[in-house]
Amino acid sequence: RFLDRRKDDCADAGRARRSLALVVGSIQDLGAINEDLGFEEADRLIQAVGERIRTVLRRRDRFVRYAGNRFAVVLASCSCDQAPAAAERMAQAVEG
């Protein structure tokens, strides 16, 4: 499902002749947090990370959790030159 939707994003960008960037990230030591503090606390952490990342995204960008501690952000109309700065904004938002 995740890959099918990203294929659709790529196809849409290609038809519109727009660039598209994919940023992939993870939450380090989520397994240890699960073990030490429990699944509920780990879920709260995942939600908080997602909320912080969304504060720096545009409406047309897509944030998805796709496996355990991993997430991806599809940045519409974002060039390869712009993607590192966008990723840095996301990291800074999470670090607070």
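## Strands S2 and S3

Two strands count as paired if DSSP finds at least two bridges between them. In this predicted model, strand S2 (residues 62–67) and S3 pair in the antiparallel sense, with five bridges. S2 and S3 form a hairpin with two residues between them. Ala67 stands opposite Arg70 in S3, and Gly68, located in the turn, has a positive phi of about 40 degrees.

## The loop between S3 and H4

Cys78 lies in the loop that runs between S3 and H4. Its relative accessibility is 5%, and because buried means under 20%, Cys78 counts as buried.

Leaving aside neighbours within four places in sequence, the contacts of Cys78 are with Ser19, Leu20, Ala21, Arg58 and Ala83. The C-alpha atoms of Cys78 and Arg18 are separated by 8.0 Å, although these residues are 60 residues apart along the chain.

## Helix H4

Helix H4 comprises 13 residues (residues 83–95). At 1.5 Å a residue the helix should span 18 Å, and its end C-alpha atoms are 18 Å apart, so the two values agree. Just after H4, Gly96 adopts a positive phi of about 65 degrees.

The buried residues in H4 include Ala83, Ala86, Met90 and Ala93. These residues cover an arc of only 85 degrees around the axis, which puts them on the same side of H4. Pro84 and Glu95, on the other side of H4, are exposed. The cover over the buried residues of H4 includes strand S1 (20–26), helix H3 (39–54) and strand S3 (70–76).

Notes
Residues are numbered from 1 along each chain as its sequence is written. This is a predicted model: local features need pLDDT of at least 70, side-chain atom pairs count only at pLDDT 80 or more; totals for chains, interfaces and linings use all residues. Side-chain values use heavy atoms; hydrogens and water are left out. Helices (H or I, at least four residues) and strands (E, at least two) are DSSP runs, numbered from the N terminus. The expected span of a helix is 1.5 Å times one less than its number of residues. Buried means under 20% relative accessible area, exposed over 50%, partly exposed in between (1.4 Å probe, protein chains only). The arc is that of the directions from the helix axis to the C-beta atoms. Contact means heavy atoms within 4.5 Å.
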